[in-house]
Amino acid sequence: MDSETSVRGGQNAAARAAREVIEVLEVLWSRGRDLTPTAPVSSSQLRVLYALDGAQGINLRTLGEFLGSAPSSVSRMCDRLHALGFIERSLSPASRRELELRLSSRGENYLTELRSRRESALLEAISAMRPADRAALVRGLDGFHRAVEHTAPGRTPAGDRSAESA
């Protein structure tokens, strides 16, 4: 077996392992979301909440670019989230024709509770791991996160939390 075949085999094995972990996490996440006292949101709407959590005060166009979604889809998701009381819309001080989007206190509380339940589920599983396996997990996930941030189209770098307006 040549080194290129070996590298591809390792990449395929890593992709399969990551997919399997993601599927397990999806099950854990849906369990946690089912237990939430507030109205659950779709995965697309959750992406909006995460985006606003990282960039409060952005406009619809910038949010759509960040999510890689059509303006009409983003607008509908924001309408639903606003109706649930999870986001607030206000006129932009830079342009009276634009709206700024922010998480409401209810949206912030929803994300805090959701993250707490997810972290509890993860801590339960991680506590069962050997210390060396935990250290390897941290290194691997850190590398994976950097690779995703580097290769994902339209992504704002994780360190850039500035609010954009267009």
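Which residues in helix 2 meet which residues in helix 5? On the helix 2 side they are Leu 46, Leu 49, Tyr 50 and Asp 53, and on the helix 5 side Tyr 110, Leu 111, Leu 114, Arg 115 and Arg 118. Keep in mind that this is a predicted model.

**The chain overall**
- You'll find six helices and two strands here, and from the N terminus on they run α-α-α-α-β-β-α-α.
- Of the 166 residues in the chain, 24% are buried.
- Take the contacts with a separation of 6 or more: 57% of them are between residues 24 or more positions apart.

**Helix 2 by itself**
- Helix 2 covers residues 43-54.
- Its 12 residues should span 16 Å at 1.5 Å a residue, and the end C-alpha atoms are 17 Å apart, which agrees.
- Gln 45, Leu 46, Val 48, Leu 49, Ala 51, Leu 52 and Gly 54 are the buried residues of helix 2.
- Those buried residues pack against helix 3, helix 4 (71-84), strand 1 (87-91), strand 2 (99-103) and helix 5 (105-126).
- As background, an α-helix has 3.6 residues a turn, so residues three or four places apart point the same way.

**Helix 2 against helix 3**
- The axes of helix 2 and helix 3 (residues 60-67) come within 11 Å and cross at roughly 115°.
- Angles from 65 to 115 degrees count as roughly perpendicular, and helix 2 and helix 3 are therefore roughly perpendicular to each other.
- The crossing of these two helices is right-handed.
- Helix 2 brings Arg 47, Val 48 and Ala 51 to the contact, while helix 3 brings Leu 63, Phe 66 and Leu 67.
- Sorted by class, that contact has five nonpolar residues, no polar ones and one charged.

**Helix 2 against helix 5**
- Here the packing angle is about 105°, with the axes of helix 2 and helix 5 11 Å apart.
- That makes helix 2 roughly perpendicular to helix 5.
- The residues of this contact divide into six nonpolar, no polar and three charged.

**Ser 30 and Arg 118**
- Ser 30 sits in helix 1 (residues 3-34).
- With 35% relative accessibility, Ser 30 counts as partly exposed.
- Ser 30 and Arg 118 are 88 residues apart in sequence, but their C-alpha atoms are 9.6 Å apart in space.

Notes
Residues are numbered from 1 along each chain as its sequence is written. This is a predicted model: local features need pLDDT of at least 70, side-chain atom pairs count only at pLDDT 80 or more; totals for chains, interfaces and linings use all residues. Side-chain values use heavy atoms; hydrogens and water are left out. Axes are lines fitted to C-alpha atoms, for helices over the stretch in contact, and angles run from 0 to 180 degrees between N-to-C directions. Helices (H or I, at least four residues) and strands (E, at least two) are DSSP runs, numbered from the N terminus. Angles under 35 degrees count as roughly parallel, over 145 as roughly antiparallel, 65 to 115 as roughly perpendicular and the rest as oblique. A crossing is left-handed if the near helix is turned anticlockwise from the far one by less than a right angle, and right-handed if clockwise. Contact means heavy atoms within 4.5 Å. Ala, Val, Leu, Ile, Met, Phe, Trp, Tyr, Cys and Pro count as nonpolar, Asp, Glu, Lys and Arg as charged, and the others, Gly among them, as polar. The expected span of a helix is 1.5 Å times one less than its number of residues. Buried means under 20% relative accessible area, exposed over 50%, partly exposed in between (1.4 Å probe, protein chains only).
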